Amino acid sequence: MKKNKPKMAFCYDFDGTLSPGNMQEYDFIQKLNMPVREFWQKAYQLSQEHDCDEVLSYMRLMLQEAEERNIPFTRQDFRASGAKITFYEGIDTWFDRVNAYAAEKGIEAEHYIISSGLREIIKGTSIAHAFKWIYASSFMYDESGKALWPAMVVNYTTKTQYLFRINKGCLKINDPQINAFTPDEDRIIPFSRMVYVGDGETDIPCMKLVKSEGGHSIAVYEPEKERLNGTARKLLKDGRVDFIAPAVFTPHSMMEELIKTTIDKVAIDLKMNRLRQVSPCIID
């Protein structure tokens, strides 16, 4: 019987990590004919007024503004918006390159999104096919595909639950096994074989969790703003992440070197574990 390859999970935030800016700004907010800053300020004020989660606030504001302006607000419209998103340099070949390098080392790479953005927009992007699973905020839809109400909210404090889902292999949101006891040795992807990539303070819980459990966390920053990468530097200084790097995903970039090195480390650790298992036999 063929033994499955050990897996590594590469988990990414989306906005500001793989793509510049926020996904709502590429199409939806433009349709409102509203300045980007005004939209986010309204969302913030809504959250303050109602003591509401900020992600729920921006989703409510999207529903409200679309309805007032009679703007189509459907699953299909979101996916069309996703097709307009642009990415940091090198992303178009990034996932295939990581997969190929991991395979050379005897490892199966899996990629995941954990984002406060909208799942349907991400599913409409040119890179959606690269992900094993996309965890992001989403709406419920009626029979015609019209968005009705928030179905799922992913914020900075809830993001970590999805790392545990990946860890245990319980990817579906309603999988009842997520709360079942699973010995560490039976978990699909140990935290030590995870890499989390994010760009800001909302990623701190995930960054800290992965790092503290033996995996690796990387904070990226806009390449054009290297002198203004205060957030990334602070995350490094505060011990939240292992590394910081510009959000450039081209061959021979710092990001590629970091990811390849984490793969190398996992491959060495796996080999060391195999040697530990056979050592008693050699001694006997």
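Reply: Contact here means heavy atoms within 4.5 Å. The model is a predicted one.

Me: Which residues is R97 in contact with, leaving aside its neighbours within four places in sequence?

Reply: R97 is placed in helix 5, residues 91-104. Contact requires heavy atoms within 4.5 Å. With neighbours within four places in sequence left aside, the residues in contact with R97 are G90, F249, T250, P251 and E256.

Me: Which backbone atom lies 3.1 Å from a polar atom of the side chain of R97?

Reply: G90 is among the residues in contact with R97. The atom lying 3.1 Å from a polar atom of the R97 side chain is the backbone oxygen of G90.

Me: Which residues lie nearest the centre of the largest pocket?

Reply: The largest pocket holds about 1,100 Å³ of space. Its lining comprises 13 nonpolar, 14 polar and 10 charged residues. Elements that each supply at least two lining residues include helix 2 (36-50) and strand 6 (216-221). Of the 37 lining residues, those nearest the centre are D13, D15, N22, D199 and T202.

Me: At roughly what angle do the axes of helix 7 and helix 8 cross?

Reply: The crossing of helix 7 and helix 8 is right-handed. K159, T160, L163 and F164 of helix 7 make the contact with P205, C206, L209 and V210 of helix 8. These residues divide into 6 nonpolar, 1 polar and 1 charged. The axes come within 8 Å, and their crossing angle is roughly 35°.

Conventions
Residues numbered from 1 in each chain as written. Predicted model: local features only at pLDDT ≥ 70, side-chain atom pairs only at ≥ 80, totals over all residues. Heavy atoms only, no water. Helix = DSSP H or I, 4+ residues; strand = E, 2+ residues; numbered from the N terminus. Polar contact = N/O pair within 3.5 Å; in protein donor to acceptor, adjacent residues only side chain to side chain. 1 Å grid on protein atoms, 1.4 Å probe; cavity = no way out; pocket = protein on both sides within 12 Å on 5 of 7 lines; lining within 4 Å. Points joined across faces, edges and corners; volume = space filled by probe spheres on them. Nonpolar A, V, L, I, M, F, W, Y, C, P; charged D, E, K, R; others polar. Axes fitted to C-alpha atoms, helices over the stretch in contact; angles between N-to-C directions. Left-handed = near helix turned anticlockwise from the far one by under 90°.
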